[in-house]
Amino acid sequence: MNDKKTYLEDKASGAQEAAFRGDTQTLYRITRDLTRTNSSQPSTVKDEHGKLITKLTDQYKRWANHFKSILNRPDPERPAYVKEKGKEIEMKKVPITCLEIEKAIAKSKSNRAPGADRITADMLKQIHQ
């Protein structure tokens with residue numbers, strides 16, 4: 001019994017240290033080990049009427065239909081949340097200052113994929129230095 005208690009205390013202190021460091025990967029692994037959950041187990045899936053689907057192939061079909069219904073949009077150029085055209089958005093009418101640009105660059109997260117212009121935040125930070 002003491003061995004189990006020591007093991008759990010070691011795991012708990014390891015999880016606490018990982019949390020303080022911000023090491024979410026280690027924290028998740030320790031939590032998964034302690035709870036003994038397996039994320040590869042299939043989850044329950046219900047059909048449109050709330051009836052449980054047990055066959056895996058039927059579950060896959062249900063997921064495919066679900067996402068087709070959600071992601072099917074008539075106009076691929078327009079986001080799904082846009083309802084009206086021509087509605088004006090109020091914006092500040094003053095020019096953007098260099099200080100605002102510097103703050104925005106400093107706040108941007110590193111190691112992210114570039115946008116449509118293929119410019120990453122890391123590139124902007126290097127130029128700004």
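**Notebook: aromatic pair, salt bridges, loop residues**

**Entry: helix α3, aromatic side**

I started with W63 and F67, which both sit in helix α3, 4 residues apart, or about one turn of the helix. I am working from a predicted model. I searched for aromatic pairs, and the count came to 1. That pair is W63 with F67, and it is stacked. I noted 5.7 Å centre to centre and 20° between the planes. The pair counts as stacked because planes under 30 degrees apart fall in that class.

Next I asked how exposed W63 and F67 are. W63 has a relative accessible area of 39%, so I logged W63 as partly exposed. F67 comes out at 43%, so F67 is partly exposed too.

I then looked up H66. It belongs to helix α3, which I wrote down as residues 56–71. H66 is partly exposed because its relative accessible area is 25%, and the cut-off for buried is under 20%.

I also checked H66 against E48. Their C-alpha atoms are 9.1 Å apart. Along the chain, H66 and E48 are separated by 18 residues. That made me look at what else E48 does.

**Entry: R62 with E48**

How many salt bridges does a search of the whole structure find? I got 4. One of them joins R62 and E48, with the closest N and O atoms at 3.6 Å. R62 is in helix α3, while E48 is in the loop between β1 (45–46) and β2 (52–53), so this pair ties together parts that are 14 residues apart in sequence.

Is R62 buried or exposed? R62 is buried, because its relative accessible area is 19% and buried means under 20%. E48 is exposed, at 56%.

A side remark for the page: side chains of opposite charge can pair when their charged atoms come close.

I moved to helix α2, residues 24–35. R29 and D33 both lie there, 4 residues apart, about one turn of the helix. Their side chains form a salt bridge, 3.9 Å from N to O.

I looked up the exposure of both partners. R29 has 37% relative accessibility, so R29 counts as partly exposed. D33 has 30%, so D33 is partly exposed as well.

Which residues are linked with R29 and D33 in a network of salt bridges? I found K11 in the network with R29 and D33.

**Entry: D23 with R21**

I checked D23 and R21 next. Their side chains meet in a salt bridge at 3.4 Å, N to O. R21 is exposed because its relative accessible area is 53%, and exposed means over 50%. D23 is partly exposed, at 23%.

**Entry: whole protein**

I stepped back to the overall layout. I listed 5 helices and 2 strands. Reading from the N terminus, the order is α-α-β-β-α-α-α.

I then looked up burial across the chain. The protein has 129 residues, and 10% of them are buried. I put the accessible surface at about 12300 Å². Carbon and sulfur atoms hold 56% of that surface.

Taking contacts with a separation of 6 or more, 4% are between residues 24 or more positions apart.

**Entry: phi in the α4–α5 loop**

Last, I went through backbone angles. Most residues other than glycine have a negative phi. I flagged N111, which is not a glycine but has a positive phi of about 60°. N111 is in the loop between α4 (98–107) and α5 (121–128). N111 has 69% relative accessibility, so N111 counts as exposed.

Where is the place of R118? R118 is in the loop between α4 and α5. R118 is exposed because its relative accessibility is 69%.

Note on methods. Residues are numbered from 1 along each chain as its sequence is written. This is a predicted model: local features need pLDDT of at least 70, side-chain atom pairs count only at pLDDT 80 or more; totals for chains, interfaces and linings use all residues. Side-chain values use heavy atoms; hydrogens and water are left out. Buried means under 20% relative accessible area, exposed over 50%, partly exposed in between (1.4 Å probe, protein chains only). Rings of Phe, Tyr and Trp (its six-membered ring) pair if their centres lie within 6.5 Å; planes under 30 degrees apart count as stacked, over 60 as edge-to-face and the rest as tilted. Contact means heavy atoms within 4.5 Å. Accessible areas come from the Shrake-Rupley method with a 1.4 Å probe; for residues, only the protein chains shown count as cover.
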